[in-house]
Amino acid sequence: MLRQLEYLVALARERHFARAAAACHVSQPSLSAAISKLERELGVPIVSRGRRFESLTPEGERVLLWAHRMLADRDALRQDLSRMRESLSGILRIGAIPTALPTAPLLTTPFCERYPHVRVTLESLSSQEITRGLEEFELDLGMTYVDSSVRAMPLYEERYVLLTPADEEIAERPVARWADVAALPLCLLTSKMRNRRILDGVFADNGVQPVPVIEADTVATLWAHVATRKWSSVIAHAWLQMFGTPEGMRVVRIEDPQRVPQIGLVVGDQEPVSMLARAMLGLTRGLDVRGELDRLLHKHLDRRDL
């Protein structure tokens with residue numbers, strides 16, 4: 001039955017019989033026959049069929065929920081037995097918000113060194129997509145903003161600095177004011193990104209509203225524009241881990257905001273928490289991610305004190 005449940009999960013994800021069959025590496029008739037067999041065994045209709053896939057029935061939606069749980073239990077059992085054999089293996093699935101991805105190597109590198117038989121997959125997702133992935137057992141862990149409503153292990157506070165051309169007057173200041181930053185020609189992430197919505201709130205706390213000339217939906221695109229030395233940007237200090245300071249640009253500290261968001265590792269509310277997720281959480285407790293990023297920021301602040 002577990003194989004049939006795998007086919008059902010793929011069908012619900014792809015919403016197309018042929019694509020689901022390809023994802024499961026079986027023929028379409030084999031997948032359709034397996035779903036029909038599952039319906040006979042459970043005694044309920046699972047799929048509404050026409051000439052093509054239409055939807056899952058209400059019974060099918062309930063079966064899908066149980067399928068996610070049962071497959072997660074199976075994976076947890078495999079990982080538990082693997083650990084008993086003193087050789088933890090499998091695939092650790094992590095979803096990370098784009099603004100936290102640059103810090104991922106601080107976790108995945110020591111993890112893979114300790115558990116060489118484990119593979120790690122990292123996917124760039126929104127905070128909402130991470131929540132859904134954890135709820136549906138499609139992810140083991142999330143790297144995202146944390147609050148009181150989630151089970152989380154804090155990693156670091158997101159600190160904001162100004163990245164600006166070195167020939168700007170503000171580049172010589174030890175600390176920039178948010179009001180002065182808002183007056184610069186800015187390149188920022190779009191308002192669809194939670195990082196941007198947080199920044200808008202910080203600007204509002206200081207009585208100003210930025211009007212960026214350029215908006216981008218990826219950190220890499222933002223960095224490419226800033227590297228032209230025509231725009232300034234407010235960046236999370238963790239981004240320096242991946243991109244560094246472009247030539248001709250300067251990193252300037254901004255006055256501390258009233259609200260400081262926190263990035264952490266999160267797990268879903270459901271049990272069980274996968275053995276691989278537990279292993280990553282256990283290893284992370286011994287890491288100093290916050291300290292690593294603070295030391296990195298020190299280097300890029302042009303020897304100014306934090």
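**Exercises on a predicted model**

Arg3, Glu6, Arg74 and Asp75 are linked in a network of salt bridges (a salt bridge being a side-chain nitrogen of Lys or Arg within 4 Å of a carboxyl oxygen of Asp or Glu). The model is predicted, so local features need pLDDT of at least 70 and side-chain atom pairs count only at pLDDT 80 or more, while totals for chains, interfaces and linings use all residues. Residues are numbered from 1 along each chain as its sequence is written, and side-chain values use heavy atoms, with hydrogens and water left out.

**Exercise 1.** Determine which residue forms a salt bridge with Asp294, and where the two partners lie.

*Solution.* 
Step 1. The partner of Asp294 is Arg159, and their closest N and O atoms are 3.0 Å apart.
Step 2. Asp294 belongs to helix α12, whereas Arg159 sits in the loop between β6 and β7 (160–165); the pair therefore ties together parts that are 135 residues apart in sequence. Helices (H or I, at least four residues) and strands (E, at least two) are DSSP runs, numbered from the N terminus.

**Exercise 2.** Give the strand order of the open sheet of 5 strands and identify its edges.

*Solution.* 
Step 1. Two strands pair if DSSP finds at least two bridges between them.
Step 2. The order is β4-β3-β5-β13-β6, and the pairing is mixed.
Step 3. The edges are β4 (118–124) and β6 (151–157); each has a single partner strand, so one side of each is left without a neighbour in the sheet.
Step 4. Strand β3 (residues 90–96) runs parallel to β4 and is joined to it by 7 bridges. Within this pair of strands, Ala96 has Ser124 of β4 as its bridge partner.

**Exercise 3.** Describe the largest nonpolar core.

*Solution.* 
Step 1. A nonpolar core is a set of buried Ala, Val, Leu, Ile, Met, Phe, Trp, Tyr and Cys residues joined through side-chain atoms within 4.5 Å.
Step 2. The largest one has 75 residues, and Met143, Val181 and Val234 have the most contacts inside it.
Step 3. Helix α11 (residues 275–284) supplies the largest share of this core, 7 residues.
Step 4. A second, separate core has 22 residues, including Tyr7 and Leu64.

Terms used
Buried means under 20% relative accessible area, exposed over 50%, partly exposed in between (1.4 Å probe, protein chains only).
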